[in-house]
Amino acid sequence: LDIISEVKIALQDAIFGGTHIVETIHGDVEMKLLPGTQPGDLKRLKGKGVHSEVTSQTGDHLVRISVSIPT
C-alpha cells in the first residue's frame, strides 16, 4: 500500500529548508523540507499511498531525498 519515490532537491533547499512539490497518485502535494535535510533522508506523506478496499487502509507515500550538488 506504500509508494516510494525519489526527488532531487537543490543544495540550498537542503541547507536552509524550503518546500518541494511531490507528484502523488492523489495529485501534487507540497512537502516541507527542514533545514539540514540530508541526502538519503526518507520523508513520509501520510495517507498519500494506495487505498485498499479490502482492508479499508490507505498507505503512505515515502519520498527519498537526493541532493543536487552543483559542479
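Q: How many salt bridges does the structure hold?
A: The structure, which is a predicted model, holds one salt bridge, a term that stands for a side-chain nitrogen of Lys or Arg within 4 Å of a carboxyl oxygen of Asp or Glu.

Q: Which residue does D60 form that salt bridge with?
A: The partner of D60 is R44, and the closest N and O atoms of the two are 3.3 Å apart. D60 lies in the loop between β6 and β7 while R44 belongs to strand β4 (residues 42–45), so the pair ties together parts that are 16 residues apart in sequence. Side chains of opposite charge can pair when their charged atoms come close.

Q: And D60, buried or exposed?
A: D60 counts as buried because its relative accessibility is 14%; buried means under 20% relative accessible area, exposed means over 50%, and partly exposed is in between, with a 1.4 Å probe and protein chains only.

Q: Before I go on, what should I know about numbering and confidence?
A: Residues are numbered from 1 along each chain as its sequence is written, and side-chain values use heavy atoms, with hydrogens and water left out. As this is a predicted model, local features need pLDDT of at least 70 and side-chain atom pairs count only at pLDDT 80 or more, whereas totals for chains, interfaces and linings use all residues.

Q: OK, what's the pattern along the sequence?
A: The protein chain follows β-α-β-β-β-β-β-β, with one helix and seven strands; these are DSSP runs numbered from the N terminus, where helices are H or I with at least four residues and strands are E with at least two. Along the principal axes, the C-alpha atoms fill a box of roughly 50 × 15 × 15 Å.

Q: Which strand is I65 in, and what is I65 in contact with?
A: I65 is found in strand β7 (residues 61–68), and it counts as buried because its relative accessibility is 3%. Leaving aside neighbours within four places in sequence, I65 is in contact (heavy atoms within 4.5 Å) with residues including V7, I9, M31, L33 and D41.

Q: Where is D41, then?
A: D41 sits in the loop between β3 (27–33) and β4, and at 26% relative accessibility it counts as partly exposed. The C-alpha atoms of D41 and I65 are separated by 5.3 Å, although the two are 24 residues apart along the chain. With neighbours within four places in sequence left aside, D41 is in contact with V63, R64 and I65.

Q: Switching topic, what is the phi of S56 like?
A: S56 has a positive phi of about 60 degrees although it is not a glycine. S56 lies in the loop between β5 (51–52) and β6 (57–58), and at 57% relative accessibility it counts as exposed.

Q: Last one: which residues form the nonpolar patch on the surface?
A: L1, I25 and V50 form that patch, with about 260 Å² of accessible area together. Patches are made of residues with over 30% relative accessible area and no salt bridge, with nonpolar side chains (Val, Leu, Ile, Met, Phe, Trp, Tyr) joined within 5 Å and like charges within 9 Å, and accessible areas come from the Shrake-Rupley method with a 1.4 Å probe, only the protein chains shown counting as cover for residues. L1 is found in the segment before β1 (3–10) and counts as partly exposed at 45% relative accessibility.
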